[in-house]
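Welcome, and please have your viewer ready. We will go from the whole chain to a sheet, then to a pair of helices, and end at a loop.

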Amino acid sequence: KAAYEAALSGSLLRRWELSNTRYLFAPTNALGALNQQLDPGRSRFRIALKFDPVAKPGTAGQSIEEITTAVHANGQMALYDFTGALPRAKLYARWKTTTNDLAAAQNWLTNLIANFEARPPGQRPPREWTTALLAQNPIDLATLKELSDPTFDPAQTVLLAEPLPVAPGTNENAGEVKFESYAPKHIVLSAKATAPCVLLLNDKFDPNWNVTVNGQPAKLLRANFIVRAVFLDKPGEHRIEFKFQPPLTGLYISTAAVVVGLGLLGFLIFAERKSASPT
C-alpha cells in the first residue's frame, strides 16, 4: 500500500480512476476548474446534484449537528460525478505484464525518490514510501511506473503481476459483469464474456482470498499492483465467487489454549474439593 501511494502521489486523478472513486463534493462553481485543471481535454467531471446547507428544522444551524442539506437547482454546493472512474468490476480482453524496459522503471524510481528528498523537511512523504518502493521486484516496479504514466489508459488494459498462458485479445468490449451478492468475506459475480478475458475486482488483493469460476477452483491474480482479478478462459456465462479464508493455524492454537485452560481449571477445582473433603 505504501509503494502504491508513493507511485501515484503525483496524480490525484489517476488514484480516483483506479480506485473507483466516482463521487465528490465541491462548490458548484468548481466544475470548470475540475475539468480544466485535473482533467484537461476530457472533461469527465459533471454535476449530478446541486444543494445548499441549511439549518435542521427547529434549530438555529449554529453547529455541524444542526446542519442538513436541501436540493436546489441553484445550490451553492454540488455532488460531482467523475465518469472516468473504473467500475468496481470490469472485464478486460486486453491485459499485459509489464516486463519491457526495466531500466526505465529503475530510472523512474531514482527520479521519484530524488523528488521526495528534494522537498522541504516538513513536506517530505513518509520514509516508508521510499522503503516500500525500493523493496519492489522489477516487474512490480515497472507496473507502478506504467500506472503512474498519464498516457496509460486503465479503462482499456489491465496490468497483471504475472503473465497468463494465452495471448491477450484486441476487443475493446470483453462483455459485462454484475454483482449477485457482496459481503465482507464472500462476493459473487456473474459475467457474460465475449472472449477469454480478465475479470478485475477493484478490491484490495490478499492471498487469503480463494476464487472459483463455475464452481471450479481458479487462480487468484494480482492486478494493477494492488487489486484482485481472475482469468476467464472461455467466452460465455460464468459464475465467479471470491471467498476470504485465512489460515486456520491461529484458530487451532487458540482452541488448544482454551482446551488446556479448561483442563487446568477442572483439575484445580477437583484438587480443591479433594483437599476440602474429610479424611
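**Stop 1: an edge of the sheet**

Select strand 13 and strand 14 (residues 227–232): the two run antiparallel and are joined by three bridges. Strands pair here if DSSP finds at least two bridges between them. Helices (H or I, at least four residues) and strands (E, at least two) are DSSP runs, numbered from the N terminus. Within this pair, look for Ala223, which stands opposite Val227 in strand 14.

A word on the model before we move on: it is predicted, so local features need pLDDT of at least 70 and side-chain atom pairs count only at pLDDT 80 or more, while totals for chains, interfaces and linings use all residues. Residues are numbered from 1 along each chain as its sequence is written, and side-chain values use heavy atoms, with hydrogens and water left out.

Now widen the selection to the open sheet of four strands, whose order is 5-10-14-13 with antiparallel pairing. Strand 5 (89–92) and strand 13 (221–223) are at the edges with a single partner strand each, so one side of each has no neighbour in the sheet. From one strand to the next, the twist averages 35 degrees.

**Stop 2: two helices**

Next, select helix 4 (residues 102–118) and helix 6 (residues 138–148), which pack at an angle of about 70 degrees with their axes 9 Å apart. Helix 4 is therefore roughly perpendicular to helix 6, a term that covers angles of 65 to 115 degrees. Axes are lines fitted to C-alpha atoms, for helices over the stretch in contact, and angles run from 0 to 180 degrees between N-to-C directions.

Which residues in helix 4 meet helix 6? Show Leu102, Ala104, Ala105, Gln106, Trp108 and Leu109 in helix 4; across from them, Pro138, Leu141, Ala142, Leu144, Lys145 and Ser148 belong to helix 6. Contact means heavy atoms within 4.5 Å.

**Stop 3: a loop residue**

Go to Gln156, in the loop between helix 6 and strand 7 (158–159). Gln156 is partly exposed, with a relative accessible area of 26%; buried means under 20%, exposed over 50%, and partly exposed in between (1.4 Å probe, protein chains only). Leaving aside residues up to four places away in sequence, Gln156 touches Tyr92, Arg94 and Glu172.

**Last stop: the whole chain**

Zoom out to seven helices and 15 strands. Of the 279 residues, 35% count as buried.

How values were computed. Parallel < 35°, antiparallel > 145°, perpendicular 65-115°, else oblique.
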